[in-house]
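Have a look at the model first, then read on.

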Amino acid sequence: MSDSQVSSQRLEKFPAFDGFRGVAVLVVVFSHLPQVVDSDMYNTAWKLNQAPRAAYVVLDIFFAVSGFFITRLLLRERAKTGRISFFNFYARRALRIVPVYYIAVVSCYFVFHFGPWDTLSLLTYTFNFYHPFHPAPHPLEQTWSLSVEEQFYFFWPLLVLLVPQRLLSVVTGRVVPALAVVSGLVIAAGYGGRDNVLSGDLVYMSIFTRMLSLSLGGWLAVREFEKRSLRGRHCVLFLAVAILLLIADRVGRSNDIITSQAAYWTLALAAYAMISVSFVSTMVFDNGIVKRGLTTFLSMPILRGFGHISYAMYVVHLPVLFFLGLNDGALSGNKAPLAQVVLAFAITLALSVLSYFALESPLSSFKANFGGAPGQPAESPVVEALPTGAPSN
């Protein structure tokens, strides 16, 4: 099939990804909520959520999903027009991301009295570089992942435009991921001190290492564009290798074999990337019972509803916790009353619904003024990355 034939087709929509956004934001918010003093059921669920590091995994999946959706839109625009409108691309991204984010930054600046340098890093989407060197608890510390996303948006359209189609699969599926892993190892070598927390944070929050999953998501979009599926035994293999890597990572750390947090997190991110590829490829390419089951579950209206408000929800939930004194730093390891935790969630939910209906939904109508994906009106929802905060060991 020629590029023109592919670009003229309507992009398939995946409503289940809205449901995944809903599940993921609930996992992330729950991971940041404190334990409570008067509910064994709540605390058991909290521990079950923390034990497998579910929030870390869903964050990585979101990077892969974001890379997939962004790349598939860029590929079809390039195939149809021979170019990519950078102005339209950045205008659509700005309408989606900037208003809620900047309102949160400005509001938090006055409420929490940010210093000049962390404010500057927040305003310029460089917080992922600033925060590892200033790791104190911060009401917007989760927004490092938005910095990663914005930095990805900065150069990825140019890469998709300039790399020939015949090389794009190799570049996105091999070259960029390999460079991402190498960057993690370079950080480990440069900050080789024993159990160096800074090195772990740098690997965890860096755009260079996070390009592993972002680029592999783009690679899946290239395969979709070229009608080359990835399913079945490949997904099983990715999952098996990921599990082995995570086991080796944990055993190595527990037995004092892996003493560098940078090395630890490089291996962990490689494992998370394989899980992410397996999940996204199953949702995009598979037609079996696994995809049908996941699609049925993730298409539930309540989960898709949480998915629609997920962006505002993850932006505002930590400031709410800090304002109410329910963040880890304020509690110092103590448990909180269940009523206070419920109040924090209710306020987060109310602010998120207000943001969606009063700001995000009205602004989305302006996207049509800046083009969209060829073959469909405007564009399908682009899944943004969810933050989980800094790694802790």
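Axes here are lines fitted to C-alpha atoms, for helices over the stretch in contact, and angles run from 0 to 180 degrees between N-to-C directions. Helices (H or I, at least four residues) and strands (E, at least two) are DSSP runs, numbered from the N terminus. This is a predicted model, where local features need pLDDT of at least 70, side-chain atom pairs count only at pLDDT 80 or more, and totals for chains, interfaces and linings use all residues. Residues are numbered from 1 along each chain as its sequence is written, and side-chain values use heavy atoms, leaving out hydrogens and water.

**Helix α9 with α13**

- The axes of α9 and helix α13 (residues 261-285) come within 8 Å and cross at roughly 165 degrees.
- Touching here (heavy atoms within 4.5 Å) are Val181, Gly184, Leu185, Ile187 and Ala188 of α9, along with Ala262, Ala263 and Thr266 of α13.
- Sorted by class, that contact has six nonpolar, two polar and no charged residues; Ala, Val, Leu, Ile, Met, Phe, Trp, Tyr, Cys and Pro count as nonpolar, Asp, Glu, Lys and Arg as charged, and the others, Gly among them, as polar.

**Helix α12 with α13**

- Helix α12 (residues 233-254) packs on α13 at about 160 degrees, with the axes 8 Å apart.
- So α12 is roughly antiparallel to α13 as well.
- The α12–α13 crossing is left-handed, and the contact has 17 nonpolar, four polar and three charged residues.

**Helix α2 with α4**

- Helix α2 (residues 15-32) and helix α4 (residues 54-81) have axes that come within 9 Å and cross at roughly 145 degrees.
- α2 passes α4 in a left-handed crossing.
- Among the contact residues are Phe17 and Phe20 of α2 and Phe62 and Phe69 of α4.
- This contact has 12 nonpolar, one polar and one charged residues.

Conventions. Parallel < 35°, antiparallel > 145°, perpendicular 65-115°, else oblique. Left-handed = near helix turned anticlockwise from the far one by under 90°.
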